[in-house]
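Open the model in your viewer and keep the sequence panel beside it. This short tour tells you what to select, stop by stop.

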Amino acid sequence: MKDKKEIIKFFLDKSILISKQIIEKLAENDVDLNQFYENIKNKIDSDSFLILDQHLEEFLVSTRKDINWKEYDKSVVLAKKGNDKLYDKFTEYMNGNEEEKPIGNKDVKIIFSYDEESKKREVQDFVYLFNKRFDSIEKILKNRVELQNLLSIKRIKQKQDKDNLSLIAIVGDKKITKNGNIILTVEDRTDSINVLINKNKPDLFKLARDIVADEIIGVVGVNGENIVFANNVVWPEIPSNKEIKNADEEVFALFLSDLHVGSDNFLEENMQKFLKWIKGEVGSEKQKEIAKKTKYIFIVGDLVDGCGIYPGQEEELVINDIYKQYDECAKYLKEIPSNINLIVCPGNHDAMRIAEPQPQLYQDFAKSLWELPNIHMVSNPSMVNIHSSDNFSGFDVLLYHGFSFDYYVANVDGIRMNGGYDRADLIMKFLLKRRHLAPTHTSTLYVPDANQDNLVIDKIPDFFVTGHIHKSSVSSYKNITLICGSCWQSKTPFQEKVGHHPEPCRVPIVNLKTRDMKIMRF
Ligand SMILES: [Fe+2]
C-alpha cells in the first residue's frame, strides 16, 4: 500500500489536486504514480490548477481527448458557486452518457449499429474487452443502494474483524458443496475470494442457482477467513421506475424473424398470405385497419437459410446459392408497401461471420435487399429509435438475433425447468437482469472490441426484440416490451433432434399508442 501523503505531494508538484477516492484507489492498488501520470499527462491541457476527481480520472483513462480543459476548470468553479449545469454536462460526456448523434430519418434513427473494425485481434483485446465490461456493469451496480460499505476483495482479505460489507465481482466458478450450499469463486481487479450461499436462505439460494460463469454481480454479506457469507446477491437489473411510453396516434409495429428463404422447409404459401394481408388485400376490417396503420416491420435475423451452415445442409436447400437466396428474399420483401420501414439485422444463418457483433448484412451478398428503398440495415445487436417527433422521444428498440439463447436454455435451471425453448421471455428477462446479451464467455462467439463490450445492455430499451428459437412470444419486464419473432420454416430434422418446438408463421404486433400486443397467425 502506498503512502497517501506521498501521493498527494506527487500530484501537487504537478499542479494537480487529487480527490479522496482517487487517493484511496491509487494507494490500495499500489499504482505506479509515474506510469499513471505518463498515461494521463498528454490529455491534460490546462495551465490552471486541475482537480483530479473520480469523473475526471474515468475520463483520462478512457480514449476521449477532445475536451476543453479551461472550460472544465471554469465549470468546477461555477459548480462550487451552486451552478452545476456545465459541470454536469462535462461529467455526462466523460462518462459517455451523452446522447450519440443518431443517423437515419425521423421515423427510424440508428442509435447504435456496429461497424466492423478490420484489424488483427490479439489476446490482449480479450483482456481489454473484459475490463470494459467490468467497468460498464460496475458503474450500473454502484447505483444500487443495497451495496453499502463496498470494498475491494484485497481489502476484504486484509480485514481482521468480521463486518457487514459488499463487493462487486465477476463470477469465475460455481460449485455445490457436500452440504448442498453454493460456493462461488469471484474476482475483482484486486484479488479473488469464495462466496458462500447457504441453502438455509431458500429465496437467495433459488436465485443464486441461476448464476452463470462470467456474469458480474454485487454481493452483500459478512467476511470470514478468506470467504464471504452472502446475505444478498444484487444484479445490475433494470430500474423499476422506467416509464412506459405511448405514441399519440394509432400506429403498429410488426416483428418477423428467421425467414430462412432457400430452405426446402420455407413456408412460401404462408408468406404469401402475410404479404396479401400487409398489402390490405385480405383479412377482416379490423385486420385491414392494422395493416394500413403499420409503419414498422422488424426482421431480427436469419433472412435466408444460408449455404454450408451445417454439414449436409445442401440436401435441405431448394436454392443452393447465397446470392439467389437473398434475391428471392428481396422478392418477398419488395411486396411490402414502401411506406413501411423495414429494419433488418443479421442472424447466424446469414452470409457472414457468426461471431458477434455481426455487422450489417454485406452489400455484395444481399445487394437486392440493400436496394429496397424502405430498408434500414443494422448490426446484430443494435439499437434503433422509432417514431420520434418534435414532442415525442420515440421508442428505443434493442435488436438481438439470440445466438446465445441455446447456452442459457441448456445451463440455467430457472429457464430449462420452466419451459426452456418454449420460454423466450424467461431468457430475455435473464439477460436484461444481467444487462448483457451473452454474459458467459462461451455462450456465443464474439470478436473482441478493445474500446467497449458491444453486448452490454447499457441504454435501457423500450422494446427488446429477438428471434432464433423459432417460436414467438410477447411479454413485458419492468415496462420493457419483450418480443421474440417466430419463423417461416417448418420443423427441420435438426430441430426435432434438439427438442425445439417451432411455431411458424406467427407475427407479434404492437399498437404503439396503447402498447397492446397480440400475435397474428398466417
Ligand atoms: Fe433461425
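Start with the sequence panel: the donors of the iron ion follow the spacing D-x1-H-x41-D-x167-H along the chain. Bear in mind that this is a predicted model.

Stop 1: Select His 260, in the loop between β10 (252–256) and α10 (268–278).

**Stop 2: the iron ion.** Select the iron ion and show its protein donors. They are Asp 258 (OD), His 260 (NE2), Asp 302 (OD) and His 470 (NE2). Their distances from the iron ion run from 2.0 to 2.3 Å. Look at the angles next. Among the four donor atoms they span 86 to 175°, and the site is irregular.

**Stop 3: Val 219.** Val 219 is buried, with 1% relative accessibility. What does Val 219 touch, not counting residues up to four places away in sequence? Its contacts include Leu 147, Leu 165, Ser 166, Leu 167 and Val 195. Val 228, Ala 230 and Asn 232 are also among them.

**Last stop: a distance.** Trp 235 and Val 219 are 16 residues apart in sequence. In space, C-alpha to C-alpha, they are 8.9 Å apart.

How values were computed: Residues numbered from 1 in each chain as written. Predicted model: local features only at pLDDT ≥ 70, side-chain atom pairs only at ≥ 80, totals over all residues. Heavy atoms only, no water. Donors = N, O, S within 2.8 Å, 3.2 Å for Na, K, Ca; no water. Tetrahedral: all angles 85-135°; square planar, octahedral: opposite > 155°, others 65-115°. Helix = DSSP H or I, 4+ residues; strand = E, 2+ residues; numbered from the N terminus. Buried < 20%, exposed > 50% of the residue type's maximum accessible area, 1.4 Å probe, protein only. Contact = heavy atoms within 4.5 Å.
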